[in-house]
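Here's a quick briefing to read alongside the 3D view. Keep the structure open and follow along as we go.

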Amino acid sequence: MKAKMFRALLPLAIVFTMVSCSSDSSEGSSAAKVVTTYNYNEVELKLVSLINDYRASVGLNSLEVINHISFKSEEHNIYMIDNNVVNHDYFQQRSNNLVQVLGAERVGENVAYNYQSAESVLRAWLNSPGHKDNIEGDYTHLGISVTVDVNTGKKYYTNMFMKKKP
């Protein structure tokens, strides 16, 4: 009797074990899913416009906004707020996600903190050689997130750039 029950339950136990195991990742567990909706705030929309206006003024193509990139940017802002840091931690994971999910060939990222307007953060990025290189880079798409820390009222900015594989 026990042997029959064991044989009957063994396949269920194997299936349960296989389904319940998953890898653990640090930032953004939606690795394989494309995020198609993102609600842009006024500062984000202004910053996209300013970046594209600047690129046009120096003879570069405009960048198309992709909601998934903005979502990944927002995830990073939330990470920075939660950890009280301004950095590029886990950039490689975000970059890998854009490669896997969107077919990115190249990815760049700008971050900033505590600028009051889209104009002021763009000015700061353009005055920084590395950030300016990203803004003027060989990219086709971008995503942007400007997130306000509800405890401090300060804004966190993450702007990701991507060149899609042809």
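Let's start with a helix: the buried residues of α5 (118–126) are Ala118, Ser120, Val121, Leu122, Trp125 and Leu126. Here buried means under 20% relative accessible area, exposed means over 50%, and partly exposed is in between, using a 1.4 Å probe and protein chains only. This is a predicted model, where local features need pLDDT of at least 70, side-chain atom pairs count only at pLDDT 80 or more, and totals for chains, interfaces and linings use all residues. Residues are numbered from 1 along each chain as its sequence is written, and side-chain values use heavy atoms, with hydrogens and water left out.

**Around helix α5**

- Those buried residues of α5 pack against α2, β2, α6 (129–135), β3 and β4.
- The helix lies across β2, β3 and β4, and runs at about 115° to β2. Angles like this run from 0 to 180 degrees between N-to-C directions, with axes being lines fitted to C-alpha atoms (for helices, over the stretch in contact).
- Trp125 touches Leu47, Asn110, Val111, Ala112, His131, Lys132, Ile135, Ile144, Tyr157 and Asn159, leaving aside residues up to four places away in sequence. A contact means heavy atoms within 4.5 Å.

**The nonpolar cores**

- A nonpolar core is a set of buried Ala, Val, Leu, Ile, Met, Phe, Trp, Tyr and Cys residues joined through side-chain atoms within 4.5 Å.
- The largest one has 20 residues, and the members touching the most others are Leu47, Ile51, Leu122, Trp125, Ile135, Tyr157 and Phe161.
- Two or more residues of this core come from each of α2 (42–57), α5, β3 (141–148) and β4 (155–164). Helix α2 gives the most, with six residues.
- There's also a second, separate core of nine residues, and Ile69, Leu102, Ala104 and Val107 are among them.

**The whole chain**

- Six helices and four strands make up the secondary structure. Both are DSSP runs numbered from the N terminus: helices are H or I with at least four residues, and strands are E with at least two.
- Along the sequence, the pattern goes α-α-β-α-α-β-α-α-β-β.
- Of the 166 residues in the chain, 40% are buried.
- Among contacts with a separation of 6 or more, 74% are between residues 24 or more positions apart.

**The sheet**

- The four strands form an open sheet in the order β1-β3-β4-β2, with mixed pairing. Two strands pair if DSSP finds at least two bridges between them.
- At the edges sit β1 (64–65) and β2, each pairing on one side only.
- Strands β1 and β3 run parallel and are joined by two bridges, with Val65 standing opposite Leu142 in β3.
- Strands β3 and β4 run antiparallel and are joined by eight bridges. One example is Val146, whose bridge partner in β4 is Tyr157.
- These two strands form a hairpin with six residues between them, and Gly153 in the turn has a positive phi of about 80°.
- Strands β2 and β4 pair in the antiparallel sense over nine bridges, and Val107 stands opposite Met162 in β4.
- Helix α4 (residues 91–102) packs on the sheet, touching β2 and β4, and its direction makes about 140° with that of β2.
- Both β3 and β2 are mostly covered: seven of the eight residues of β3 are buried, as are seven of the ten in β2.

**A closer look at Arg106**

- Arg106 lies in strand β2 (residues 104–113), and its bridge partner in β4 is Lys163.
- Is Arg106 buried or partly exposed? It counts as partly exposed, because its relative accessibility is 33%.
- Leaving aside residues up to four places away in sequence, Arg106 touches Asp138, Tyr139, Phe161, Met162 and Lys163.
- A polar atom of the Arg106 side chain lies 2.8 Å from the backbone oxygen of Asp138.

**How confident is the prediction?**

- The chain has a mean pLDDT of 86, and 81% of its residues reach 70 or more. That score is the predictor's confidence in each residue, from 0 to 100.
- Over residues 5–31 the pLDDT is below 50, and this stretch has 15 contacts in the model beyond near neighbours in sequence.
- Where pLDDT is low, the predicted coordinates should not be read in detail.

Terms used
Polar contact = N/O pair within 3.5 Å; in protein donor to acceptor, adjacent residues only side chain to side chain.
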